[in-house]
Amino acid sequence: MVFLRGFGGGEDGRRLFADGVWLRAPQPGDFPEWSGLREQSRSFLQPWEPLWPRDELTRGAFRRRLRRHAREMREDRSFPFFIFRSGDDRLLGGATLSNIRRGVAQTCSLGYWMAEPYAGQGYMSRAVTALLAFAYSDLNLHRVEAACLPHNGPSIRLLQKAGFEREGYARGYLRIAGEWQDHLLFAKLAGDPEASGTRLEEPAELNASICSAATMTWRGQKETL
């Protein structure tokens, strides 16, 4: 079970841990590092994401993003996290559990992005392992869904390594890079086998209490790792 606190001005918030990485909700103080990292990786990320608004990397847009996340967190609709490297606490990317459906579904969608300098090094795979544990245990979800472009080989391999099963092919599923594009559909159930070689930790200084939080909704983007 992972400890979670919501967004707070200067608080670290809830943290999820896996080998070599840790995750927490975005905070206002993350803006300089986030905007610089996204700008540095612009050409790398844009083929896999919805078109960026003109003000995508401005402080004002980031503040609006945080307000939206806080609202969705309170409403139990999505939970955003930034991914940091253990040791130097460098921001690597982000991941989101969004579009939560309760009732008879108990389902959410997984989205993620990784900055170009850190892609292909296994960081996202470890982060996804922590997110899945959080989704099944803390959020009590039964099913986590994901979709990726058919030509995004790294994302397909990531999902398969994490234990996702391919379930279908959706035509014109999401508008990515300005075009409606087909996607492969994947899902993993709470009872499916866990990915091997990873772990989820809880820091000793945090107690076992749990409360609601929010997720960064990346509007269905599926990025290379």
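Helices here are DSSP runs of H or I with at least four residues, strands are DSSP runs of E with at least two, and both are numbered from the N terminus. On that basis, the protein chain runs β-β-α-α-α-β-β-β-α-β-α-β-β along the sequence. This is a predicted model: local features need pLDDT of at least 70, side-chain atom pairs count only at pLDDT 80 or more, and totals for chains, interfaces and linings use all residues. Residues are numbered from 1 along each chain as its sequence is written, and side-chain values use heavy atoms, with hydrogens and water left out.

**Overall make-up**

- The protein chain holds five helices and eight strands.
- It has 225 residues, and 52% of them count as buried. Buried means under 20% relative accessible area, exposed means over 50%, and partly exposed lies in between (1.4 Å probe, protein chains only).
- Contact means heavy atoms within 4.5 Å. Take the contacts in the protein chain between residues at least 6 apart in sequence: 68% of these join residues at least 24 apart.

**Helix H1 against helix H3**

- Helix H1 covers residues 31-40 and helix H3 covers residues 59-74. They pack at an angle of about 110°, and their axes are 11 Å apart.
- Axes are lines fitted to C-alpha atoms, for helices over the stretch in contact, and angles run from 0 to 180 degrees between N-to-C directions.
- H1 and H3 are therefore roughly perpendicular to each other. The classes are roughly parallel under 35 degrees, roughly antiparallel over 145, roughly perpendicular from 65 to 115, and oblique for the rest.
- The crossing of H1 past H3 is right-handed.

**Helix H3 itself**

- H3 has 16 residues. From first C-alpha to last it reaches 23 Å, close to the 22 Å expected at 1.5 Å a residue. The expected span is 1.5 Å times one less than the number of residues.
- Its buried residues are Ala61, Phe62, Arg65, Leu66, His69, Ala70, Glu72 and Met73.
- The cover over these buried residues of H3 includes H1 and strand S3 (79-85).

**Loop residues with positive phi**

- Most residues other than glycine have a negative phi.
- Asp76 is not a glycine, yet has a positive phi of about 60°. It is found in the loop between H3 and S3.
- Asp76 is partly exposed, with a relative accessible area of 26%.
- Gln106 also is not a glycine, and its phi is positive at about 50°. It lies in the loop between strand S4 (91-101) and strand S5 (107-114).
- Gln106 is partly exposed too, at a relative accessible area of 22%.

**Around Trp52, Arg38 and Leu57**

- Trp52 sits in the loop between helix H2 (42-45) and H3. Its relative accessibility is 12%, so Trp52 counts as buried.
- Beyond its neighbours within four places in sequence, Trp52 contacts Arg38, Arg42, Leu45, Gln46 and Leu57.
- Trp52 and Gly178 are 126 residues apart in sequence, but their C-alpha atoms are 9.5 Å apart in space.
- Arg38 belongs to helix H1. It counts as buried because its relative accessibility is 1%.
- Leu57 lies in the loop between H2 and H3. It is buried, with a relative accessible area of 16%.
- Not counting residues up to four places away in sequence, Leu57 touches Phe31, Trp34, Ser35, Arg38, Glu39, Arg42 and Trp52.

**Around Ala146**

- Ala146 is in strand S6 (residues 143-148). At 7% relative accessibility, it counts as buried.
- Leaving aside neighbours within four places in sequence, its contacts are Leu110, Leu159, Phe164, Leu184, Leu185 and Phe186.
- Ala146 and Phe164 are 18 residues apart along the chain, and 8.4 Å separates their C-alpha atoms.

Key
Left-handed = near helix turned anticlockwise from the far one by under 90°.
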